[in-house]
Each structure stands twice: as C-alpha cells, then as structure tokens.
Amino acid sequence: MTDAAAAPEPDGESRFRRFRNAEHLVARRRPLDALKELEPLLADEQDKPSVQLLAGRAYFHSAQLRRAERAFTRVLELDPTDHYARFVLGRTLQRLGRLAEALAQLRMASAMNPVPEYLEAISEVRARITLSDR
C-alpha cells in the first residue's frame, strides 16, 4: 500500500466531488441517488444556495414537492435575486396546485430574466387559472 493510496481525500475535495456527482445524477434523472450524495452537504452546508438549489431540483424530480418548496424558498432567503430559483419554485407551486402563488413567482422570475421558458410557464399557469375559474 502506497502513501498516495492510503491518504484520505481532502474534505473540501470530497464535498466538491459529491456535489458534482449529485449534479450528474439529477441530469440523468436519478434524483433519489443525487439526494443520497447530497445528504452530508445538506447537513453541513445548509446555508449554501448551490446545495439547496440542487437538492430542490432533486426533490422536485422525485415528486417530493414540499421539500422542494422548502429548498427553493431557502435559496431565495439566501439570494432573493436568483431568478432560476424563483422559476423552479413557481413550477413547484404549480404542481402543488397553488396557481396564484406559482404565477407570482413566475412573473418575478420573468421580470428578472425574460427568457422564453419563463414566459411559457406564465402562459401555462394563466391558462390553468382560467380553466379552473370556469
């Protein structure tokens, strides 16, 4: 056994690898595996917006919508200017059936960054609100 093989991975590097692996797992639609990777980071780094945002995405994709809502809300507490967090919070609220709240978040996200995806989401929620009012 060599010294290099026996040396433990530095803590910061280990955290970085876990985060990157979790990103990869979310992208491959394996959110539950991503959440397992993120567990130690969520315990130690709950005030890092990047960790909360990635956890929120994993919760969203695994239909843990209340947890997703909490994670995205935490991101916005830490960084109110994060338009993407507002967008995915809006999508989460939409899936929870809280359409008025969803529309408010989506409008704010679009005001911050008027990309087509955000504008389409606003139109979709507006249509659902119109249909539910009939």
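Modeller: What follows is a set of questions about labels, each answered by setting a value against its cut-off. Please keep in mind that this is a predicted model.

Colleague: What makes the pair Glu37 and Arg18 a salt bridge?

Modeller: The N to O distance between the side chains of Glu37 and Arg18 is 3.6 Å, and the cut-off for a salt bridge is 4 Å between a side-chain nitrogen of Lys or Arg and a carboxyl oxygen of Asp or Glu, so the pair of Glu37 and Arg18 qualifies. Glu37 belongs to helix α3 (residues 31-44) and Arg18 to helix α2 (residues 11-27), so the pair ties together parts that are 19 residues apart in sequence.

Colleague: Why is Glu37 called partly exposed?

Modeller: Its relative accessibility is 21%, and buried means under 20% while exposed means over 50%, so Glu37 falls in between. Arg18, its partner in the salt bridge, has 28% and is therefore also called partly exposed.

Colleague: How do you know that Asp33 and Arg30 form a salt bridge?

Modeller: The closest N and O atoms of Asp33 and Arg30 are 2.8 Å apart, which is within the 4 Å limit, so the name applies. On the accessibility scale, Asp33 at 27% counts as partly exposed, and Arg30, with a relative accessible area of 34%, is partly exposed as well.

Colleague: What makes Glu101 and Arg98 a salt bridge, and how many does the structure hold?

Modeller: For Glu101 and Arg98 the closest N and O atoms lie 2.9 Å apart, which is within 4 Å, so this pair meets the criterion too.

Colleague: What share of the protein chain counts as buried?

Modeller: Of its 134 residues, 37% count as buried, which means that their relative accessible area is under 20%. The protein chain has eight helices and zero strands.

Key
Residues are numbered from 1 along each chain as its sequence is written. This is a predicted model: local features need pLDDT of at least 70, side-chain atom pairs count only at pLDDT 80 or more; totals for chains, interfaces and linings use all residues. Side-chain values use heavy atoms; hydrogens and water are left out. Helices (H or I, at least four residues) and strands (E, at least two) are DSSP runs, numbered from the N terminus. Buried means under 20% relative accessible area, exposed over 50%, partly exposed in between (1.4 Å probe, protein chains only).
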